[in-house]
Amino acid sequence: MSETAPSPVKPRPLSSMPGEKGLPLIGDIVRFGKDQRTYIERLRRDHGPVARLRFGPTDWVVVCEPELVHEITVSRWGEFHKPAVNRQVFEQFLGYGVVSSDGDHWKRMHKLMMPAFHRQRIDAYAAVMSEYTGQMLDSWQTGATRDFQDDMTELTLRIVAKTMFDADVQADAKSFGEAMKVVQRVLVAHINFPVPVPRWWPGPVNRRKQKAIANIERIVMGVVEDRRRTGEDRGDLLSTLVHARDEAGKGMSDRELRDEAMTLFFAGHETTANALTWCWYLLGKNPEAVARAKEEVDRVLGGRAPTTADLDKLVYVEQVFKESLRLLPSVWVYMRETANDLELGGYLLPKGTALFISPYLLGRDERFFADPLRFDPDRFTKENERKLPRGAYVPFSAGPRVCMGKQFAMMEARIVLAMLLQRFTPTNPAGYEPEIVCELSMHPKGGLPTIVAPREKAQPVEASNA
Ligand code: HEM
């Protein structure tokens, strides 16, 4: 029987699924909104791997069964859409860009953008990643305490702007980062209380949000308009978008161009910045992993900056990053919505049922990761990774809607981590424990304070060409 064939047993109604009933009318909006992460952790613990919660008048389902995650994202992906709440939340910010769109519009945009993420193109980005990382590290002063999250946000923003848009946004990186923080906070408040607020609404929170979006838009559109004015084709993603024509010879509208540019700036830096931040924090707590990673970096690079030819040899560094994404995934949850009434996991889900997939919960599930809170990069040796059930480790999602920047991010992470480890030892301030904040992506509250501690002098090692 095909894996997508409906179960022969008559599906049970959604109302019979274990879960929380919540209060009449509002369901569990208030409890969920207070702390989404703790809420879904409790739901998983008390009601099992497939459980529902009431969100106002509708049901939401948290899916922590890898096989079902695989069905939703891969084998039956066409039966699930991005949810309406996603569109509402992103409407004024990212518009109808590739992260939030569906159907023919998504297909067209996805096809247009894909070449920018092909292997050969990505390889060319390595030089930018290593140059900008080197510049950042040169500016660090020994003994200082820095906000590592801010540093990573600035670095990854500069990298995405240069590689995708051939623009240097260093001068704007700080205000972009500040504006992003405001937007995130307001958008998450909107998920928790999804009543659409028009652009002109005069409340102070809305005014702050509009100002922050306008600030981000000014920076992004400055880059786009420059290119439109010159009409120059520089062979990068921005040129592809500016020069794109459909079958009727029609180019992208200003709105489409704006939405895709905003989407790429947003999706292409924040997630990686937070993933690197968590990784540095976890390394700060795991000196054995640091020692192994340093040994590998010295052996492979012998003190020089990494190039694409080195990346496949930074095996342990990659394992470290994967393990960090398991424990503290920057995209801690993503959502889908049933496109029609359908059966999933033996339940009949009405059209429009929202589904939560959480790499965070899956990554801490002891059915797949023994002693899940232990940081152990050896979980991701090739052999061990192969043993994981499909759908159990999905920090980049999977299937046709998998993260377009997955290879880009994996390359960026290895380059940045290798260069950091060549010069510094990850050092958290004494007694520091981060408070986890789950906004659009997961990050430590107030950033990550890190002490700039130069590493012991690396043994000069012959670069390995093996
Ligand atoms: C560690 C870093 C990253 C993580 C954890 C991550 C994670 C994800 C996840 C989970 C999704 C699917 C979201 C959903 O289905 O709702 C996604 C989508 C996407 N990501 Fe990433 N991402 C990262 C870095 C990047 C980078 C560097 C770029 C671009 C340069 C990028 C561009 C995109 C795009 C365009 C999509 C939408 C794909 C589509 O729906 O067709 N991401 N990402």
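The legends below describe close-up views of a predicted model.

**View 1. Ser253, in the loop between helices H10 and H11.** Val183 lies 70 residues from Ser253 along the chain, and the C-alpha atoms of the two are separated by 25 Å.

**View 2. The shell of 22 residues around the ligand.** The closest residues are Gly268, Thr271, Tyr334, Cys403 and Gly405. Helix H11 (254-267), helix H12 (270-284) and helix H18 (406-423) each give two or more residues to this shell. H12 provides the largest share, three residues. By class, 14 residues of the shell are nonpolar, seven are polar and one is charged.

View 3. H2 covers residues 36-47, 12 residues in total. From its first C-alpha to its last, H2 reaches 16 Å, close to the 16 Å expected at 1.5 Å a residue.

**View 4. Residues 458-466, where pLDDT stays under 50.** For this segment the model has 15 contacts beyond four places in sequence. The chain as a whole averages a pLDDT of 88, and 92% of the residues score at least 70.

Technical notes:
Residues numbered from 1 in each chain as written. Predicted model: local features only at pLDDT ≥ 70, side-chain atom pairs only at ≥ 80, totals over all residues. Near = placed C-beta within 6 Å. Helix = DSSP H or I, 4+ residues; strand = E, 2+ residues; numbered from the N terminus. Nonpolar A, V, L, I, M, F, W, Y, C, P; charged D, E, K, R; others polar. pLDDT = per-residue confidence, 0-100. Contact = placed C-beta atoms within 7 Å. Expected span 1.5 Å × (residues − 1).
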